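Thanks for asking me to look this one over. Below are my notes, point by point, for you to follow with the structure open beside you.

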Amino acid sequence: MCGIIGVIDRRKEPMDGLRIKKALSQMNERGSGEGAGYAVYGVYPEYKDYYALHVFFNNIHETKDALDATLEQWGRIVHDEEIPTYEQPNLRKTHTPWRYFFKPDKKLMAWSKSPEDDIVTYLVMKINAERKGSLVFSSGKNIGVFKASGWPEDVANFYRIEDYAGYLWLGHNRYPTNTPGWWGGAHPFNLLGWSVVHNGEITSYGTNRRYIESFGYQCTMYTDTEVVAYLIDLLVRKHGLSEELAVKALAPPFWDEIDIMAPRQKMVAKALRLAYGSALMNGPFAIVVANQESMVGFTDRIKLRPLVGGTCGNRVFVSSEEAAIRAMEPDIEHVYMPRAGEPIIGKVIP
Amino acid sequence: MSIGAIPSRYRIRIDRDQCMLCERCIESCPYGVFRKNGETIHVDSRKCTACHRCIAMCPRDAISLLEHPIDYRSHPIWTREVRESIYNQARTGKIILAGMGNAQPLPAIFDRLLLDACQVTNPSIDPLREPMELRTYIGKKPSRLEIRRTPEGDLDLVTELAPNLEAETPILIAHMSYGAISLNAQKSLAMAATEVKTFMGTGEGGLHPSLYPYQDRMIVQVASGRFGVDINYLERGAAIEIKIGQGAKPGIGGHLPGEKVDADVSATRMIPVGSDAISPAPHHDIYSIEDLKQLVRGLKEATEWKKPVFVKIAAVHNVAAIAAGIARSSADAVVVDGFRGGTGAAPRVFRDQVGLPIEAAIAAVDQKLRDQGIRNEVSLIASGGIRESADVAKAIALGADAIYIGTASLVAMGCRVCGNCYRGLCPWGIATQREDLTARLDPREGSVLVSNLIHAWTLELSELMGAAGINSIESLRGNRDRLRGYMLDEGILKVLDVKPVGA
């Protein structure tokens, strides 16, 4: 199950968290009260040039010094603080959420074309794989993920999500089967600019994981969703594909469809399947992926999970349920259901 | 002093009440088990190979066969096989020849791997109602793509794609040469490969003109003897395979006895009639990996870089590193042949004692290629001991792109795995060149049997994939999460990178 939702304002007008909280709660039928979360873009304008690292500490006294030391080896901590939280009767605070604003020292990875991103990726992989009581669950610039185990409204109230504002939001209402009760297992998943919410189960996870790990990514979250964030990062950031083509690689057309395409189009479609066969995601899923510039929703190739799109003015919506979109935007102008593998794309207007 | 006769392996009995003296058993048996004497059929059980031809042909089901009618004193170490090998070698002073694959009673890892299926949290996919893709491309894949947007807004592929074979199933037919098997057997396989849109190997025996109509479905082999190789041969194949080694006999060459080299075999192999065709142990122009690269590129140059070139090796201890070397040689696919791989003739000591199980070899090779970031450089074809569709699914889940079946395709044509292929008297018309015997195999009928088998396995594979919630073979490939090991030790599980049952 699981309920997912996303919205982008293409003119980058900020929206506070109140409406998405309401919308996500519309889909409690799809959750089990064991995980919910929100990702918001444009949330830290005063620190927009620094990587915002959101960390779950098992406890502060044992683990924080080690994390500080690691970060300082690779750059400068501009500012750090505990993320404010507010006690909720139905939510057990098993971790202490913290945020760092971090500036990597690009000289330390001089060989790289994108040294800052690569340092942060390296650090996220290393810290999460070591499992020393700290887990980095959000690492983008001007992006924040807020998540925990609980019902969406409890998690929202725990962080007072209405106090945050941004031009792009993702939300997730979880019905866990893999890692119930673990905060790290709640969605959204994030790496650098990429955030993902996911409903479904990726039956090709083993293939995808072994593929992505051969590029130095490490899957450490015990769930199939994180692999989507890494695949998108690889295809778009490292391999330079457009978001549309990346979706075509992850949820490609069938060979029967490719066989009857026009020659040029066929070559591109065939090449994508040959090159990225191991990145193809199988099994039932609906996914929304976002970065600073865009939001893309898509489903598996035979649409075994629901996905609805909507538009209203400059805003593009995507969700598991039409009801959730209507809860967020009662005056919605256009609501539609995309075909299997057909993406819903909302891009920032340059 | 004489050792005397060793106990007969089989006992044939004829039910005299049923027998109607039709003599079909006499006609059927090229080994001379049966003979007519007056009004009875006499039996010489000692000559029997358990090929079952007489049993299959007897209209009255009058013939029965018993294995090991005389027992040795049982002993856990001094087995029957060990004792009989010693008797044989004491008498002859020679290497013992054997046919088919490894006959040691070692457990098959495939049998201790279990496949997965969906329940509740994700739906299984019904292949009768939903598309199921088994199309398999074999060859080099780009590891990333350059795609340009034209001024008109169309997408244009800038990256050049290397030639790939396109098969509609990941099941290919292994290399078995004309000479080792009959022309009718090769025709059956070639027609079947064409029918189910897969590929077959020619083996190191050249390409007989009567197979030219099927050449687009044939992979021509270049082995150390270079039999039958010329530019015509290379140009006709859909792909070229360099055979370095074979799972049944890693490290040694091949030997086709002169008796099997008749006029037609001689012309196809380009060797004199009646001469032994001996393939050297190494290629004498390949003493190192850089020499292999030269041959790969030489073959590509000769065929204008239009065909994929495969390299086949036996699964030996260092198989992963060797495969990684091959992946850097411009080769398009690595074929790894496990120690259960079959053969017409191999020294028994090699067949039973040298090499690795294919399951471990695939796992090691796939992982090594991924570790080095060169998995897309080559396809990985697994062969040697694949007996059913589940083995295919497991081999692919461990990391293979495709598999070869050899023995299984012969069994489909009637072979009873008697293991006497090297004697050239195959009563099923498969591993023989004797005209009266090869006439027993009608290529039309043979091709239906083989294409039925591949079709049936492909259907079963679709069902297994659908049950696992997978609708494309790419998503099964290397998907070791969908395997669990049952009664495998921790060391093997680590090599296979597979969790134990329950985990």
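1. A word on burial before we start: a residue is buried if 20 or more other C-beta atoms lie within 10 Å of its own, exposed if 12 or fewer, and partly exposed in between. Please also keep in mind that this is a predicted model. With that cut-off, helix H7 (residues 243-250) of chain A has seven of its eight residues buried, so H7(A) is largely enclosed by the rest of the structure. The buried ones are A:Glu243, A:Leu245, A:Ala246, A:Val247, A:Lys248, A:Ala249 and A:Leu250. Have a look at what covers them: helix H6 (226-238), H9, strand S14 (294-299) and strand S18 (344-347) of chain A are included, and so is strand S8 (147-149) of chain B.

2. Chain A as a whole contains ten helices and 18 strands. For 350 residues, a compact globule would have a radius of gyration near 20 Å, and the 19 Å of chain A agrees with that. Its C-alpha trace spans about 60 × 50 × 40 Å along the principal axes. Of its 350 residues, 56% count as buried. Among contacts in chain A with a separation of 6 or more, 73% come from residues 24 or more positions apart.

3. Strand S16 (residues 315-319) of chain A deserves a look of its own. Five of its five residues are buried, so S16(A) is largely enclosed by the rest of the structure. In a regular strand, side chains alternate between the two faces of the sheet. Here both faces are covered, with A:Arg315, A:Phe317 and A:Ser319 buried on one side and A:Val316 and A:Val318 buried on the other.

4. Now to the interface. In chain A, 31 residues are in contact with 37 residues of chain B. On the chain A side, the elements giving two or more residues are helix H5 (205-213), helix H8 (255-259) and helix H9 (263-275). H9(A) gives the most, with seven residues. By class, this side of chain A has 14 nonpolar, twelve polar and five charged residues.

5. Chain B is divided into domain 1 (10-98) and domain 2 (137-500). Their C-alpha centres lie 34 Å apart. The contact between them takes 14 residues from domain 1 of chain B and 14 residues from domain 2 of chain B. On the domain 1 side, those residues divide into nine nonpolar, four polar and one charged.

6. Chain B also holds a closed barrel of eight strands, which runs S11-S12-S13-S14-S17-S18-S20-S21 with parallel pairing. One pair to check is strand S18 (residues 333-337) and strand S20 (residues 379-383) of chain B, parallel over five bridges. In this pair B:Val334 stands opposite B:Leu380.

7. In soluble globular proteins, nonpolar side chains tend to be buried together. Which residues touch the most other members of the largest nonpolar core? They are B:Val334, B:Val336 and B:Ile403, in a core of 240 residues. H6(A) supplies the largest share of this core, nine residues. Leaving out residues up to four places away in sequence, B:Val334 touches B:Val311, B:Ile313, B:Ala323, B:Ile326, B:Ala327, B:Val365, B:Val378 and B:Leu380. A second, separate core has eleven residues, including B:Val33, B:Phe34, B:Cys48 and B:Ile63.

8. Finally, some backbone geometry. Most residues other than glycine have a negative phi, and most peptide bonds are trans. The bond from A:His187 to A:Pro188 is cis, with omega near -5°, and A:Pro188 is found in the loop between strand S10 (168-173) and strand S11 (189-191) of chain A. B:Glu23 has a positive phi near 70° and lies in the loop between strand S1 (10-14) and helix H1 (24-28) of chain B. With 13 other C-beta atoms within 10 Å, B:Glu23 is partly exposed. B:Ala50 has a positive phi near 65°, in the loop between strand S3 (40-43) and helix H2 (53-57) of chain B. B:Ala50 counts as partly exposed, with 17 C-beta neighbours inside 10 Å.

Key
Residues numbered from 1 in each chain as written. Chains lettered and ligands numbered in written order. Predicted model: local features only at pLDDT ≥ 70, side-chain atom pairs only at ≥ 80, totals over all residues. Domains from an automatic or database assignment. Contact = placed C-beta atoms within 7 Å. Nonpolar A, V, L, I, M, F, W, Y, C, P; charged D, E, K, R; others polar. Helix = DSSP H or I, 4+ residues; strand = E, 2+ residues; numbered from the N terminus. Rg over C-alpha atoms; globule rule 2.2 N^0.38 Å. Core = buried A, V, L, I, M, F, W, Y, C linked by C-beta atoms within 7 Å. Pairing = 2+ DSSP bridges.
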